[in-house]
Amino acid sequence: YIQTFINETWLERSGAPLESHLITLLWSIIVSVYPLGGLIGALIAGPLAVRFGRKKSLLLNNLFVIISAVLVLASRAARSFEMIILSRVFAGVNAGLSMNVQPMYLGESAPKKLRGAASMSSASFAALGIVLGQVIGLREVLGSEWCWPLLLASNAIPGLVQLVTLPWLPESPRYLLIDKNDKEACLRALRRLRGSVDLSAEMAEMLEEQAAVKGERAKRPWELFQDRSVRWQLITVIVLSSAMQLCGNDSMYFYASYVFQEAGIPYDKIQYVVIGTGSCELLTSITCSLFIERLGRRILILGGYMLMALWAVVFMVALSLQETVSWMPYMSMGCMFAYILSFGIGPAGVTGILPTEIFHQNSRPAAYMISGSLLWSMLFLVGLLFPFIVSGLGSFCYVPFCTVCVLSSIFIVFFLPETKGKSLLEISAKFDKRNSKGMEPREAQYQLGEVSRSTASSLC
């Protein structure tokens with residue numbers, strides 16, 4: 001429908017229709033500028049979170065999605081497909097910014113024993129967004145020729161809900177204490193979040209972290225690359241943020257229609273079955289958020305990647321035998337659901353909360369900028385290269401993705417410590433031992449001594 005609108009608009013302007021390859025090019029631009037907007041959002045998330053705070057950044061972010069909705073709603077009346085492109089950029093900025101600031105806000109506001117579950121809710125609601133998008137995109141709902149502007153503008157509804165509700169919620173206590181040095185505001189925020197429970201232990205932990213960062217200003221992304229004291233935290237975020245997109249989960253949606261058609265599902269019914277793919281990710285995201293504090297982060301993300309590697313192998317075998325064995329299309333369909341379920345077990349949610357748990361307050365916004373930039377860049381890269389991978393490798397197109405899953409599993413086994421139930425300083429201490437290897441003895445002694453000296457002074 002959008003391609004038809006592009007052609008009709010051009011015909012009205014120039015008196016001649018667009019060639020088919022130019023229509024395809026403009027459609028590709030409309031699709032691909034969304035991750036470009038996401039990259040922009042990820043890059044501005046850190047500075048906004050530092051300057052305005054986590055809560056105000058989320059409130060300001062809603063302006064981008066409202067502008068996006070206004071542009072796409074007005075595009076038909078204005079006879080402008082360029083407005084759709086611009087709308088997609090603003091929608092991407094909104095997504096990129098919120099995917100960075102929201103887990104930061106939730107992770108900093110939650111108590112230690114619920115930090116993982118609270119941060120994981122971002123992944124659960126992202127999966128819910130996928131399912132809702134698939135449902136309202138049905139032809140009987142908003143997927144018709146006259147309703148597609150409403151479909152593309154519907155993402156403004158959560159933004160409006162947040163604009164009404166978020167002002168009533170407190171700012172991140174850690175931001176108020178460590179970044180703004182406002183102990184009274186921090187206590188007020190904690191009382192609103194925790195109620196009448198004893199806050200002394202939690203305040204002592206935050207004061208300890210405040211002493212550890214020594215009142216330093218928030219770091220910039222390039223400063224993290226120069227800081228040897230966070231080398232392995234940075235490597236962990238780079239590897240796992242890249243793997244989250246390079247593992248091939250989004251590419252499974254590319255295959256969905258083909259696999260369902262080969263399994264004998266009527267073409268007009270495939271759109272309903274595709275909803276099941278998003279439902280799989282939603283189901284496992286919710287399950288993961290319920291069990292993350294019991295099982296831990298490490299086992300969930302490791303198990304997810306190992307299962308994805310297994311299902312990738314089975315999926316490629318099923319694809320290669322699809323034409324010769326009658327029941328193989330059903331095996332392919334089962335593998336596709338299993339792959340998405342495995343992704344939701346750990347990689348989908350745990351990856352997003354790692355920067356909150358393994359970086360100090362003054363490094364966290366920059367770490368999220370790096371993580372978010374990699375997520376959106378790799379999404380764009382996979383979307384660009386996947387058609388060429390399919391044409392080059394055919395049924396074995398998942399070999400690169402399977403390799404990423406295996407290498408990610410190996411990295412997690414050897415380099416990712418468990419963070420369940422640990423304070424942020426305890427987690428940092430685990431990385432400090434690895435970061436200090438290879439340093440000059442005097443430099444290593446200084447780095448390892450900083451936390452203990454800060455801890456001692458705060459306790460005094």
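Residues are classed here as buried when their relative accessible area is under 20%, as exposed when it is over 50%, and as partly exposed in between (1.4 Å probe, protein chains only). By this criterion E108, at 2% relative accessibility, counts as buried. The structure is a predicted model, in which local features require pLDDT of at least 70 and side-chain atom pairs count only at pLDDT 80 or more, while totals for chains, interfaces and linings use all residues. Residues are numbered from 1 along each chain as its sequence is written, and side-chain values use heavy atoms, with hydrogens and water left out.

The structure contains 14 salt bridges, a salt bridge being a side-chain nitrogen of Lys or Arg within 4 Å of a carboxyl oxygen of Asp or Glu. One of these joins the side chains of E108 and R54, with an N to O distance of 2.9 Å. Because E108 belongs to helix α4 (residues 82–109) and R54 to helix α3 (residues 54–78), this pair ties together parts that are 54 residues apart in sequence. Helices (H or I, at least four residues) and strands (E, at least two) are taken as DSSP runs and numbered from the N terminus. R54 is likewise buried, its relative accessible area being 0%.

A further salt bridge links R364 and E209, whose closest N and O atoms are 3.6 Å apart. R364 lies in helix α18 (residues 364–393) and E209 in helix α10 (residues 200–213), so the contact connects parts separated by 155 residues in sequence. Through salt bridges that share partners, R54, E108, R174, E205, E209 and R364 are joined into one network. Within it, R364 is buried at 0% relative accessibility, and E209 is buried at 1%.

E202 and R194 also form a salt bridge, with 2.6 Å between the closest N and O atoms. Both partners fall in the buried class: E202 has a relative accessibility of 18%, and R194 has a relative accessible area of 16%.

On the surface, I286, L290, F291, L295 and I299 form a nonpolar patch with about 470 Å² of accessible area together. Patches comprise residues with over 30% relative accessible area and no salt bridge, like charges being joined within 9 Å and nonpolar side chains (Val, Leu, Ile, Met, Phe, Trp, Tyr) within 5 Å. Accessible areas derive from the Shrake-Rupley method with a 1.4 Å probe; for residues, only the protein chains shown count as cover. Helix α14 (residues 270–295) makes the greatest contribution to the patch, with four residues. F291 is located in helix α14 and is partly exposed, with a relative accessible area of 36%.
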